[in-house]
Amino acid sequence: MTYDVAIVGLGGMGSAIMAHCAARGASVIGLEQFQPVHDLGSSHGKSRMIRKAYFEDPAYVPLVVRAYELWRKLEHDSGEEILRLTGVLSVGEESSEIIAGTRRAAKDHGLELESLSKGEVKARYPTLELLEDEVAIFEPDGGVLNPERGVAAHLQVARAKGAELRFGVAMEKWQVAGEGFELRLSDGTQVLAGKLVLALGPWFQETLEALGVRIRVQRNVQAWFSPASNAYEASRFPAFLLNRRGLPAPLYGFPDFGDGVKAAYHGLGDLTDAERVDRTVNLARDVEPIARELERWMPGAARTLREAKPCMYTLTPDGNFVIDCHPQHAGVTLCGGFSGHGFKFAPVIGEIGADLALDGRSRHDIEFLSLRRFALDES
Ligand SMILES: Cc1cc2nc3c(=O)[nH]c(=O)nc-3n(C[C@H](O)[C@H](O)[C@H](O)COP(=O)(O)OP(=O)(O)OC[C@H]3O[C@@H](n4cnc5c(N)ncnc54)[C@H](O)[C@@H]3O)c2cc1C
C-alpha cells in the first residue's frame, strides 16, 4: 500500500500533524522510534506555558490565537483536560526583552494586558517582592498546557480517524520513489507514501544542517519543588516569567497543581545532541541555581526538591521555527527548530503541516518561518 502521507516523529508536532492529516481523510502512517508519549525528546515535563502577547515576535500572535481554539477543540474531541488558564505574570525592567516584547505584541494585536503596580502585586501575591526598577504585567489569557496529555490526545484523535501508528521503529533513510517516497525502517521493513512529513525534534540537526541551517541542541533541566505553604497553589498563583537583571537567563515556572512548583531557566544549558545528551541530573550544577533564584523570587517555593529532568531545546540561529517544504523535494514537509517555545503552537502546527503536505501551501502566514530567511541572511 502507498499511504497519502507518512509522518516521522510523533512528539508534540508530529502527533498534531498526523491528527490533522487523518481528520482531512488522508491515509496516514505515523512512525516513532520510541514508545508513545515518551520522555526522551522535547515534549515531556507536565507543563508548558501558553500566552498570546508573544514577546519573541508579534508575528506569532495570529498562530497562537488559532492554537487556543484548536487546543479547546482537541479537549472536546479527546475528552482530556489539556489547557488550564492561570494567567501569566511577567516581571522585569521596562526595557527587558520579556516586558518590552510582551507590551509590543499586546499593542500590535490589541491584546488584554494588565500593568500591576508594586502595591497591586503585593495585594495579589503577598510573598512577592519586586526589585526597585522592576515592573509587573499580567496576561489573563495565559495558561498551562499538559504536554503529555496533548500528545496523547493527538495520537488518540489520529487513531480514531483511521491513522496507522507504529512505535519502537526508527526511519533510517528516505528516498524518492516514483511520484512519492520510500522509507527504510530500523526493523528492516519499508513504507511507501506520496508525501513525507519530518517532525524530528532534536533529531533534526543533521537534516537541517544539510540544508544550511545551523542547529544547536541544548540540554535544559526542569525541576519540581514542594513549597512550604499553599501560597503557590494554582488556584491563587499564576504561571510566571522573571526577566531579572543578574540572572543567567529568564527564570520561568508554574504554580502547584498538586505535583509541586515547577521552575527552569529559559535557554540555559550545555550544547549537546539528541544521541549524547546527559540524562542524569547533577544537583549542584542543574538544580541548585534554579532553587536558589526561585526561593529568592517566591520565598518558600523551593523548600524540598521533588524531581528534576533534562529536556532538549532545538535552537535555530534566530530562535524562530522552520516550517517549510524541502527545497529540493516539494513533497517533503519539514517542521522543526522549535527553539524552546514551540509546544503551545502544536495544534496549529498540525493544521499548517497538514496544509503543506496535502495542499502544498498553508492558509496561515508562515513566510517568517520559511527556509528562505536563512538564504536571505547569507546574501
Ligand atoms: C524544558 C523545556 C521547557 C519548554 N517549555 C515550553 C513552554 O513553556 N511553552 C512552549 O510553547 N514550549 C516549550 N518548550 C518547547 C516545546 O516543548 C518544544 O518546542 C516541542 O515540544 C517540540 O516538539 P517536537 O515535536 O519538535 O519534538 P519532540 O517532541 O522531541 O518530537 C520529535 C520526535 O521525533 C522522533 N524521532 C526523531 N527521529 C526519528 C526517526 N528517525 N524515526 C522515528 N522517530 C524519530 C523522536 O523520538 C521524538 O518523539 C519547552 C521545551 C523544553 C525542553
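**Figure 1. Domain assignment of the predicted model.** The protein is divided into domain 1 (2-44 + 148-214 + 318-378) and domain 2 (88-140 + 216-315), with bounds that come from an automatic or database domain assignment. The C-alpha centres of domain 1 and domain 2 are 30 Å apart. To their contact, domain 1 contributes 14 residues and domain 2 contributes 16 residues, where contact means heavy atoms within 4.5 Å. The model is predicted, and local features need pLDDT of at least 70, side-chain atom pairs count only at pLDDT 80 or more, and totals for chains, interfaces and linings use all residues. Residues are numbered from 1 along each chain as its sequence is written, and side-chain values use heavy atoms, with hydrogens and water left out.

**Figure 2. Area buried between the two domains.** About 1300 Å² is buried between domain 1 and domain 2, and 49% of this lies on carbon and sulfur atoms. Buried area is the accessible area (1.4 Å probe) that two parts lose on being put together, summed over both. On the side of domain 1, the residues losing the most area to domain 2 are His 44, Pro 202 and Gln 205, which together account for 33% of what that side buries.

Figure 3. Between domain 1 and domain 2 the count is 1 salt bridge, defined as a side-chain nitrogen of Lys or Arg within 4 Å of a carboxyl oxygen of Asp or Glu. A salt bridge joins the side chains of Asp 39 and Lys 309 (2.7 Å, N to O).

Figure 4. Among the 34 residues around the ligand (a heavy atom within 4 Å), Glu 32, His 38, Ser 43, Met 49 and Cys 311 come nearest. A side-chain N or O atom of Glu 32 lies 2.6 Å from an oxygen atom of the ligand.

How values were computed:
Polar contact = N/O pair within 3.5 Å; in protein donor to acceptor, adjacent residues only side chain to side chain.
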